[in-house]
Structures are given as C-alpha cells and as structure tokens.
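Please look at the sequence and the structure below before reading on. The report then goes through the arrangement one level at a time.

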There are 2 protein chains.
Amino acid sequence: MKIIRGGVTAPLGFKANGIYCGIKKSKKRDLTLVYSEKPCDAAGVFTTNKVQASCVVVNKEHLRDSKAQAVIANSGNANCMTGESGFENTRTMAQSVARFLKIKKNNVLVASTGVIGKPLPIKKIIGAIPELVRGLNPKGGEYAAAGILTTDRMIKEMAMEFKVGRRRVRVGAIAKGAGMIHPQMELAGPKPATAGRHATMLCFVTTDAVIAPSALREALDRAAQKTFNTITIDGDMSTNDMVLVLANGMAQNKRIVEKTKEARTFAKVLEAIFSELAKQMIKDAEGATKFVEITVRKALNRDDARTVARTVARSSLVKCALFGCDPNWGRIAAAVGYSDAHVDPWRMQIHLGRELVLRNGGRVKKKAVLLNRIFAQKKIKITIDLGLGKYSATSYTCDFSTNYVRINSAYRT
Amino acid sequence: MKIIRGGVTAPLGFKANGIYCGIKKSKKRDLTLVYSEKPCDAAGVFTTNKVQASCVVVNKEHLRDSKAQAVIANSGNANCMTGESGFENTRTMAQSVARFLKIKKNNVLVASTGVIGKPLPIKKIIGAIPELVRGLNPKGGEYAAAGILTTDRMIKEMAMEFKVGRRRVRVGAIAKGAGMIHPQMELAGPKPATAGRHATMLCFVTTDAVIAPSALREALDRAAQKTFNTITIDGDMSTNDMVLVLANGMAQNKRIVEKTKEARTFAKVLEAIFSELAKQMIKDAEGATKFVEITVRKALNRDDARTVARTVARSSLVKCALFGCDPNWGRIAAAVGYSDAHVDPWRMQIHLGRELVLRNGGRVKKKAVLLNRIFAQKKIKITIDLGLGKYSATSYTCDFSTNYVRINSAYRT
C-alpha cells in the first residue's frame with residue numbers, strides 16, 4: 001500500500017465539487033457534493049450523542065440497504081435542534097440532489113456542520129444545487145474538501161492505493177474538524193455496534209474496491225475506533241459526527257470478503273488514512289500550538305487503556321500546562337487517578353518524552369531545564385505505564401490556549 | 001438558625017492560627033492549625049481520585065475511631081505522588097503537632113494543597129510548628145482561613161448558630177478552592193459511602209454541638225453531596241479534596257442523634273454553610289468573570305439530574321460561550337446529549353435566564369438583543385428541563401476565560 005495524490009476523487013468513477021451557496025459570512029465554500037458514477041455499497045459510523053442532527057438520523061435510514069451514490073454536505077449550520085422543519089430540510093437536500101443527478105433519493109447521504117439550533121437556509125442550498133451538480137469533476141476533490149470546513153484553516157484529504165491480486169484499488173478521503181471534537185462514533189444499521197459511544201468531525205471516504213458490505217462495515221468501525229474515536233480537542237462531543245464510506249467496485253478486483261488477508265489490508269489502509277486525518281485535525285485544532293501524543297501501556301484491559309489516554313488528553317489543567325510549556329506531570333497523575341480505569345499509583349510510571357518522571361509513587365528527579373525543553377517542543381509525547389496488564393492505547397490531543405478561548409467565545413457573534 | 005460572624009473559631013472552645021512557614025514564594029501564610037480544647041467527635045469526606053495524597057490516606061486511618069482534636073494544613077505543596085517519604089512527612093506533621101499540643105497523634109488530621117509531585121519541605125513546616133501553636137487564638141479563624149489558600153484571592157469562611165432546646169449551638173467553617181475543582185468526595189470510615197465519587201478543595205468545619213458520630217457523618221455526607229460535589233471549575237478532580245468536621249460538645253446541648261428534628265436542623269445548617277462556601281469558590285474561581293447556576297429539572301432519576309447539570313457545567317464550549325457573552329444554547333443542548341443521562345431531545349426544554357429558547361426539538365425565536373443581555377450579566381441562570389421524570393439538581397460553575405488559561409499555564413513556573 002502506498003500514498004497517492006488527491007482525496008475523494010482519487011478512486012475511479014468519483015466526481016466532486018464544492019461551492020459557496022450563501023451560508024458562510026466569510027463567503028468561503030460551504031456546500032460540497034461527492035458523487036459516484038455507479039451506485040455504491042456504503043456504510044457509516046455516527047455520533048453517539050443523544051441529541052442528533054437530522055442528517056445523522058436521515059443517513060441511518062438511507063443506509064438501511066447499505067447503498068449510496070452521493071453525499072451532499074453543508075458547512076456553517078449544523079441543522080440540529082431545528083425541530084421537524086430541520087428534518088424536512090435534510091430530506092429536501094437529499095431529494096433535490098437525487099433529482100438533478102437522476103439517482104434514488106435514498107442513495108443520497110447528507111451532512112451538516114456549524115452552529116446548532118439555527119434554521120438551515122434551505123433555499124440558498126436548493127438554489128445552488130444545479131451549479132453544484134454541473135461543476136462535478138473528477139478533479140474536484142479539493143473543492144469538496146474546502147466546502148465542509150468551519151473553523152479549520154486547512155483542507156484535510158488523503159488517498160492510498162493497494163493491490164488485490166493484480167488489480168490496483170484506491171481509497172480516498174476528505175475530513176473536517178477543529179473544534180467540538182471528542183468523537184465516539186458507532187455503526188448504524190443492521191449489525192449492532194461493536195464498541196464505542198462519543199466531534200463535529202466529518203469524514204467522507206470513497207473507494208473503487210469491490211468489497212462485501214459486511215467487510216466494509218467491519219473495516220470502517222475498527223478503523224474509526226482506533227483513530228477518530230481516540231482524539232479530543234475540547235472534550236465536547238458533537239451532535240453531527242459521521243464517517244461515511246462509499247465503495248463503487250470500479251477497480252474490478254476480486255471481491256474482498258470478511259476475515260481474509262485482503263479485508264485486513266483494506267482495514268489497514270482505512271486506518272492509515274483515518275490516523276493521518278485525525279492527526280491533521282489535531283494539528284489544525286482551534287488555537288492549538290502543540291501536537292500531543294498520549295500513550296497508555298500495561299493497562300488491565302483495552303477500555304482502561306483508552307479511558308486513561310483520553311481522560312488525560314481531555315484534562316484542562318494538563319492542556320494549560322502544555323500551552324505554558326510547564327512539565328507539571330502531577331496534573332497528569334491526577335487525571336489518571338480520576339479516570340474510570342483501574343489505577344494503582346504505586347505501580348504507575350510517567351514518561352515525558354523519553355524522561356521517566358514518576359516511579360514507585362514518587363518523582364524521579366530530573367533537571368528542570370531538561371523537562372522544560374521537552375515541554376517547549378511543538379510535538380510532545382507522554383507515556384503512562386499503568387503496570388497492571390498488557391493493553392495499550394494512544395490518544396492525540398492539543399494544548400489549551402488563550403486563543404482557543406478567544407475563538408470559542410466569539411465564534412457565533 | 002442564623003448567620004453569625006467568624007469562621008472556625010466561632011464555636012466555643014476552638015482556637016486557630018495561620019502563619020508563613022516558607023513554602024510559598026509569595027511569602028503569604030501557608031500553614032494553618034485548628035485546635036479544640038477538648039477532644040472531638042469527627043468525620044471526613046475525601047476525594048475519590050485513585051491517586052490520593054498521603055494526607056487523605058493518613059486521615060482515613062486517624063478517623064477510624066471517629067475522634068480528632070486538631071487539623072494542621074499547609075498550602076503550596078500537595079504532598080501527593082511523593083513516595084514513601086511523603087507519607088512519613090504527613091505522619092511527622094501530625095506527630096509534631098501532637099507533641100506541642102500534648103494530644104494523641106491519632107487525633108491530629110492533616111491537609112495539604114498545592115503542586116503535586118514535589119517533595120514537601122518538611123523541615124520548614126516542623127520548624128514553624130512551635131510558633132504556629134503559640135499563636136493559637138480564639139480569634140485566629142481568619143489567619144487559619146488565609147493559611148490554606150493557593151490561587152484563591154479571598155478567604156472563605158462562614159459560621160451559623162441554631163438552638164437545640166434552650167442551648168445555642170454554633171457551626172463554623174473555612175474553605176479554599178479556586179482551581180482543580182470538580183469534587184466528588186465520599187465518607188471514609190466504618191460506614192460505606194452513600195453516594196458520590198469526585199477539587200483541591202479543602203473545608204474544615206468546627207462545631208460545639210453535642211452530636212452522635214453517626215448523625216455527624218450522615219449530615220456531612222448529605223451536605224457535601226448536595227453542595228461541593230455539584231460544583232465544577234475545570235473538570236479536574238483533585239487528589240487532595242477533603243471536608244473535615246470536628247464536634248467538641250462544649251455547647252452542652254441535648255445530644256443530637258440520627259433521624260431527629262435536631263439532626264435535620266444540624267444537616268440543614270451544614271448544607272447552608274457548604275452551599276455558601278461552594279458559591280464563594282466559584283466566585284473566586286481562577287480567571288472567572290461569571291457565576292453560573294445550572295439547574296436540571298424533570299430528570300428520570302437523581303443521578304441523571306446531577307450528571308446533566310455537571311456535564312453542561314463542565315463543557316469547555318459552553319464555558320467559552322459564557323465568557324464571550326454568546327447565548328449559544330446549541331452547545332448546552334449538545335452537552336446534555338453527550339451526558340450519560342436519559343435524554344429525549346424532543347422533550348427537552350432550555351431556558352436562558354427566564355427566556356425559553358428550546359422546545360419541541362427546535363428553537364423558540366427570541367430577539368438576539370434580549371438573549372445577549374442575559375449572557376452579558378455577571379450572574380447567569382440556565383435551566384434544562386428534561387421532561388422525563390421528577391428529579392432536580394443544581395450545579396454551580398463559572399466561565400472559561402483567557403485568564404484561566406494564563407493562570408494555569410504559568411502556575412508552577
């Protein structure tokens with residue numbers, strides 16, 4: 001497997017576009033369309049917030065047959081907590097796209113991101129759909145990536161290629177997310193969720209692979225759990241998080257089925273792409289000045305490993321210390337202690353970068369200048385060894401800056 | 001019952017003092033002693049963080065007989081994650097105080113607050129104990145209140161008086177807490193905890209009541225659950241939180257026993273004092289510019305009510321919106337949705353101040369200027385009606401300011 005250029009239009013048979021339809025005050029692109037020439041096998045994972053945007057609810061219905069052919073997404077408005085009319089607007093978006101593309105409306109998926117509780121300016125969206133569809137282009141991936149951004153400063157896309165037999169198969173993706181990021185998504189549809197429950201983060205994945213829906217779903221869920229569901233920016237889970245995957249089969253490879261080497265390779269490709277996009281979200285996080293990797297080792301079980309990594313990643317005090325370049329590992333220890341995991345303070349070890357700072361319930365004395373230097377870096381690694389079992393997990397996060405507060409105290413007004 | 005002047009030295013037979021012993025760079029008071037002329041019945045609730053400061057562990061041992069006569073506390077150092085020597089230092093503090101006061105060392109309770117992971121400067125503390133004891137004074141409550149402060153700007157104390165028969169009984173308290181505040185404390189000792197599990201917040205309570213230890217414990221636990229355990233400043237639970245109560249019986253009232261009118265009155269007095277001190281913590285919270293009261297109504301059960309109130313109170317995005325005077329109630333709805341409680345978005349209602357903004361899954365349109373005015377106030381009330389049951393809870397919190405980040409990114413260095 002290797003990285004190739006592009007995003008959602010890298011796989012065969014996909015076209016995309018992104019335009020400005022009138023939602024964003026900045027007049028940047030705010031409407032995106034991704035379209036496959038052929039109907040696709042499709043799957044999605046969605047936020048587990050109990051307050052769900054209408055697009056989340058409608059997509060779950062539309063994915064009941066595991067089929068889709070297009071994704072329309074707007075930015076600048078989450079269309080969440082907008083009553084019955086919010087649901088009508090989501091359905092109208094799908095219907096309008098379906099009519100212009102001459103496809104089934106059930107095969108159109110919808111995503112929204114932005115302010116919660118404000119009615120969607122549906123007329124602007126509907127009015128722009130003809131232009132959006134006319135502009136569909138096999139090189140339109142970047143425009144599509146731009147159309148879903150909110151407070152993001154950069155577009156996020158990636159594509160990879162691997163071989164199934166002699167056939168080359170491509171997977172491409174675009175994503176957004178810079179705030180309200182603490183995802184815990186789970187599968188929708190016939191099969192129950194395997195794990196999970198918590199951004200607005202959006203990610204749309206396209207592939208020309210021929211793959212069984214069950215293999216597609218399993219690969220998606222596994223990859224999302226190990227990547228997006230481990231990151232946190234502000235600890236606030238969104239009402240609109242989703243990852244959608246569309247597979248159109250145009251690579252004409254031998255069908256990938258569950259529990260085969262090819263299925264594992266496909267899952268690894270998804271995971272590699274998600275991992276890179278998740279890291280891009282953290283790097284582009286609102287106000288962030290640091291990229292922080294928190295690894296937990298020797299946890300009693302997998303849930304504990306994840307819980308500890310994310311609890312530390314979410315701690316306001318740890319994040320402020322990171323912003324201030326203050327190697328105050330006591331705040332890390334406190335966060336480990338208030339997580340829901342099994343913790344024995346006497347067995348816990350903490351490394352800042354490569355420096356062991358906590359062992360046997362007390363500090364390992366290090367020169368302040370050494371620790372300060374580690375915390376002054378832009379990329380910081382923190383390792384927490386629980387000394388209780390054999391499970392590991394990694395969470396990615398950022399620091400908490402005065403700029404984060406500024407961005408989020410002035411976001412809507 | 002009525003409010004009287006003073007704090008821990010308001011009840012009969014209590015003396016206190018607070019001095020500078022050399023821990024704080026600011027050279028402010030950092031060592032406090034509260035002492036009762038007579039041995040007391042005593043009880044405590046402690047942090048449920050799995051990483052516990054040595055003072056927490058040692059106090060639980062010392063409270064096994066439900067007796068105490070003095071509390072020594074230092075600020076500027078948490079003596080947590082300081083290995084075996086940390087425990088020795090806590091015991092040395094108790095022992096040294098016991099020797100100078102000529103009381104049993106098991107009857108001395110210890111508290112520490114400040115940086116985690118740094119060895120306690122025990123020589124400075126021990127060296128200062130003679131002066132500390134010499135200065136014990138029936139008017140020393142304010143000095144004692146000052147000696148436990150860290151980032152607090154104001155001392156926090158309160159006292160009340162009520163009657164048992166013809167006898168006047170007094171209760172006094174001092175407290176500290178401005179950051180690392182998300183307490184969930186539970187009782188230590190023979191009786192299992194009734195609820196709870198999560199600041200450094202410290203609170204020392206004195207009373208001259210004659211009260212049965214069981215009634216004292218029940219009143220303490222109940223009052224702490226309803227007050228301190230509902231507040232949050234930054235969502236970080238401390239390793240050192242504790243509330244200690246000492247009852248010396250010098251009021252010579254008819255003994256207060258469990259499940260009587262007098263026990264209920266005593267519990268109400270504790271609750272009133274804790275409620276006021278908890279509010280003082282929020283008002284003095286690091287960087288805070290607003291005092292926010294979040295009330296949840298009609299929850300399916302009591303835990304749900306508390307969970308929703310605290311989840312909203314903890315949300316970084318809600319707190320940034322409060323700082324920015326931005327009535328972005330969508331963030332409130334999202335936080336309700338990701339809480340662990342039962343939530344039906346179609347039944348939920350949200351009021352900002354007295355203004356209903358969410359009903360039937362969508363907004364109730366209000367003039368922007370009206371909502372902006374509510375969010376521009378220094379005191380803000382948010383009410384969330386879940387429409388599912390009959391349980392209520394209130395949580396107090398503050399906004400998240402650029403100053404909070406500044407204080408906590410430069411706290412240690």
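Predicted model: local features only at pLDDT ≥ 70, side-chain atom pairs only at ≥ 80, totals over all residues.

Residues are numbered from 1 along each chain as its sequence is written, and chains are lettered from A and ligands numbered from 1 in the order in which they are written.

Chain A can be laid on chain B with an RMSD of 0.0 Å by a turn of 180° and a shift of 0.0 Å along the axis, where copies are superposed by least squares on the C-alpha atoms of residues with pLDDT of at least 70 in both. The two copies are therefore related as by a two-fold rotation axis. Among the residues of chain A, Thr402(A) comes closest to that axis, with its C-alpha at 2.3 Å.

Across the interface, 54 residues of chain A are in contact with 54 residues of chain B, two residues being in contact if their C-beta atoms, placed from the backbone, lie within 7 Å. On the chain A side, helix H9(A) gives the most, with nine residues, and this side divides into 23 nonpolar, 23 polar and eight charged residues. Here Ala, Val, Leu, Ile, Met, Phe, Trp, Tyr, Cys and Pro count as nonpolar, Asp, Glu, Lys and Arg as charged, and the others, Gly among them, as polar. Because 100% of the interface residues of chain A are also interface residues in chain B, the copies meet through the same surface.

Within chain A, an automatic or database assignment gives the domain bounds, namely domain 1 (2-283) and domain 2 (291-409). Their C-alpha centres lie 32 Å apart, and their contact takes 11 residues from domain 1 and 14 residues from domain 2.

| Antiparallel pair | Bridges | Residue in the hairpin turn with positive phi |
|---|---|---|
| S12(B) and S13(B) | three bridges | Gly353(B), about 60° |
| S13(B) and S14(B) | two bridges | Asn360(B), about 50° |

Leu358(B) in S13(B) stands opposite Ile350(B), and the bridge partner of Leu358(B) in S14(B) is Arg363(B).

Definitions and conventions. Helix = DSSP H or I, 4+ residues; strand = E, 2+ residues; numbered from the N terminus. Pairing = 2+ DSSP bridges.
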